[in-house]
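Reader: I'm new to looking at protein structures. Could you walk me through how to read the way helices pack together?

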Amino acid sequence: MKKTTVIAKIQENSTGMTVLMAIIGMLCLGAVILGVGDSFYHSTFAEKKEEMAQLLSTGTIFAACAFIASYIFRGISRTGLPFTESAVKAMKLIAEVLFAGSFLPNVLLSLFSGKYATLHGSFIEIAMLIPSILIFCFAQFFSYGAMLQKESDETV
């Protein structure tokens, strides 16, 4: 395949992924808003502190990650280059958001209940910590790819 054909396919696919990630982000925010609104409307917020902490933190974290991913794909759709410094910074930001998300449900639960409390008996949510570490590692790989891309562009 020619380089121009590959870049065109990358741009085309990235445009679709930009839209998809933006829609997912909006759906996550919508779920958070509906869940909180429903809880306040039915006065169940005080009774369901654990569920609300989980909903608020997870929904917000996933929405933020989806919007950041949409930003990454938008940049790729414009340039056709996945290995850029802005993509690396955005991937690291996703890793940081997920890392914060590994603590956020328990912090919110403690705030809602007025005392130290945890979900599932652990202060750290491993389900968000492990992807955070993996995405940070991929960001490091992309950083090397960005350096090679920059060298290649400067050589030509």
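**Reading a helix packing**

Author: Happy to! Keep in mind that this is a predicted model.

Reader: Which residues have the most contacts inside the largest nonpolar core?

Author: They are I61, C65, I68, I72, I94, V97 and L98, in a core of 15 residues. Helix 2 (49-79), helix 3 and helix 5 each supply at least two residues of this core.

Reader: How do I read the way helix 3 and helix 5 cross?

Author: Look at the distance between the axes, then at the angle. The axes of helix 3 (residues 85-101) and helix 5 come within 8 Å, crossing at roughly 165°. An angle over 145 degrees counts as roughly antiparallel, so helix 3 is roughly antiparallel to helix 5. Their crossing is left-handed.

Reader: What classes of residue make up the contact of helix 3 with helix 5?

Author: By class, there are 15 nonpolar, four polar and two charged residues. On the helix 3 side, the residues include V88, M91, A95 and F99, while helix 5 brings L129, S132, I135 and F136, among others.

Reader: Is S132 buried or exposed?

Author: To judge that, compare the relative accessible area with the cut-off. Buried means under 20%, and S132 has 5%, so S132 is buried. This residue lies in helix 5 (residues 126-155). Beyond its neighbours within four places in sequence, S132 is in contact with A95, L98 and F99.

Technical notes: Residues are numbered from 1 along each chain as its sequence is written. This is a predicted model: local features need pLDDT of at least 70, side-chain atom pairs count only at pLDDT 80 or more; totals for chains, interfaces and linings use all residues. Side-chain values use heavy atoms; hydrogens and water are left out. Helices (H or I, at least four residues) and strands (E, at least two) are DSSP runs, numbered from the N terminus. Buried means under 20% relative accessible area, exposed over 50%, partly exposed in between (1.4 Å probe, protein chains only). Contact means heavy atoms within 4.5 Å. Axes are lines fitted to C-alpha atoms, for helices over the stretch in contact, and angles run from 0 to 180 degrees between N-to-C directions. Angles under 35 degrees count as roughly parallel, over 145 as roughly antiparallel, 65 to 115 as roughly perpendicular and the rest as oblique. A crossing is left-handed if the near helix is turned anticlockwise from the far one by less than a right angle, and right-handed if clockwise. Ala, Val, Leu, Ile, Met, Phe, Trp, Tyr, Cys and Pro count as nonpolar, Asp, Glu, Lys and Arg as charged, and the others, Gly among them, as polar. A nonpolar core is a set of buried Ala, Val, Leu, Ile, Met, Phe, Trp, Tyr and Cys residues joined through side-chain atoms within 4.5 Å.
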